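Subject: Structure handover

Dear colleague,

Here is the structure for your files. My notes on what was found in it follow below.

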Amino acid sequence: MDPSIIGIFVSLAVIVFLALRGVGIMLIAPLAVVIVALFSSMDVLDTLLGPYMKGFVNYAGKFYLIFLFASVFGKYMDDSGAARAIAGNILKATGTGSQLYVLLAISLITTLLTLGGVSLFVVIFAIMPIARPLFKQMNIPWHLFLAPFYFGIGSLSMTMIPGTPSVLNIMPTKYLGTTPTAAPILGLSAALFVTVFCVLYMKRQLALSKTRGEVYEESAEVAAASAKIQDKRLPNFWISLVPPVAVIVALNVVRIDIVWSLVIGCLVAAACFWRHVENHMTTLNAGAFNSAVPVINTCADVGYGMAVAATSGFKILTDLLVAIPGNPVISLTVATYLMTGITGSASGGLGIVLETLMGKYVAMGLNHDMLHRVVAIAAGSFDALPHNGVVITTLAVAGLTHRQAYRHIWYTHVVSTFFAMFIVGALAILIY
């Protein structure tokens, strides 16, 4: 076997090992690049300053402003209490007549908030004050919170529903010249399957938890966090909806670029919530600051991928992937699964695929809308492996461990989207 291929897999093992031990990707990625360079007989410094930094900078150049204004928009929705106002009113409408109703309501709330352009990191802090007392009131084991939460923030609003302002749905537009509503039949079909799968899964888990005699238990950390939540006057529900709707309309109806759509959303949010935000400058600065880590992490992922792409081993692997028998949709899906699983990042893995492989599929004369939806949905599947940054963060915020709750993420996000891709692939081949 080519030593370069061995180096790629050794670097991947190091990434997973260190990520699961809490080391940040900003530190891991350059180390992984060093390993790749050594096994490939490449100059280490030239590789770091060349392919690695080129991938890092190129991604930042394309997507930094999206991360920046999305983060500022999410911060306005958070600081004003608008996200909590939306969540609370939806919950009143759905009711809490049964444990399943509560889980479905949490799923609906998280889906609508993320579809409205609210960052998933904002969503978890918005939904937590509402979910905890409900779970306690309905005596639902707390570990089940991750099932409706990931069902809501996951692939439905990230990759499947046409028109979503998610970064994953926007990235292919920069490479394929498509729109956020590309291939709606593929997206909606996948979303329908995932919805049915996740609802049945949650119903099954509630039954199993009852059989096991599980009850709601609140750790000291969770209780302390709940006590710190400040009671504040929330904005009107209908006014709270205006900024997210403005983003969606600007992006999908008026067809303004995502950056300007998010800027409009920020301006509308500032106007709507002027009296509900204590210090607008603090909100702006915090939103800008909060964008730094996600964008740098993703840049580091993409930079690592570009360093790998410069090796002889990568060419061998990609040739094998592209040569997978059958329709090119199959090889594109497998390649995307591999890259997102390796990096533990949907946007990072998708960035690598778009930068290094998409040109090959475009050259085959394949429909661009189909490529957009297939690669986006595939990116939102094996990204949520245990070393994924969002997985680690949400578990920590919820006061849960991988052992307690990761299985719910695995089934509602990874497994559901994996099976959905069979439907997507079949329809893509049949329609396009």
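Helices (H or I, at least four residues) and strands (E, at least two) are DSSP runs, numbered from the N terminus. This is a predicted model, in which local features need pLDDT of at least 70 and side-chain atom pairs count only at pLDDT 80 or more, while totals for chains, interfaces and linings use all residues. Residues are numbered from 1 along each chain as its sequence is written, and side-chain values use heavy atoms, with hydrogens and water left out.

Overall architecture

The protein has 21 helices and zero strands. Its radius of gyration is 21 Å, close to the 22 Å that the globule rule gives for 432 residues, so the protein is as compact as a globular protein of that length. That radius is taken over C-alpha atoms, and the rule is 2.2 Å times the number of residues to the power 0.38. The C-alpha trace spans about 60 × 50 × 45 Å along its principal axes.

Of the 432 residues, 53% count as buried; buried means under 20% relative accessible area, exposed over 50%, and partly exposed in between (1.4 Å probe, protein chains only). The accessible surface comes to about 17800 Å², and 67% of this belongs to carbon and sulfur atoms. Areas come from the Shrake-Rupley method with a 1.4 Å probe; for residues, only the protein chains shown count as cover.

Contact means heavy atoms within 4.5 Å. Among contacts between residues at least 6 apart in sequence, 79% join residues at least 24 apart.

The core

A nonpolar core is a set of buried Ala, Val, Leu, Ile, Met, Phe, Trp, Tyr and Cys residues joined through side-chain atoms within 4.5 Å. The largest one has 134 residues, and those with the most contacts inside it are F135, W142, F145, L146, Y304 and V374. Helix α3 (residues 44-79) gives the most to this core, with 12 residues. Leaving out residues up to four places away in sequence, F135 touches V102, L103, I106, I140, P141, W142, L144, F145 and Y216.

Individual residues

Y150 sits in helix α7 (residues 146-153) and counts as buried, at 5% relative accessibility. Beyond four places in sequence, Y150 touches V390, V391, T394, I409, T412 and H413.

Helix α10 (residues 184-211) holds F193 and also Q205. F193 is partly exposed, with a relative accessible area of 26%, whereas Q205 is buried at 9%. Not counting residues up to four places away in sequence, F193 touches S416, F419, A420 and I423. The C-alpha atoms of F193 and T417 are separated by 8.6 Å, although the two residues are 224 apart along the chain. With neighbours within four places in sequence set aside, Q205 is in contact with L144, R212, R407 and H408.

Backbone points to check

Most residues other than glycine have a negative phi. S41 has a phi near 55°, a positive value in a residue other than glycine. S41 lies in the loop between α2 (25-39) and α3 and is exposed, with a relative accessible area of 71%. N139 also has a positive phi, of about 55°, and is not a glycine. This residue is found in the loop between α6 (120-138) and α7, and N139 is partly exposed at 36% relative accessible area.

Regards
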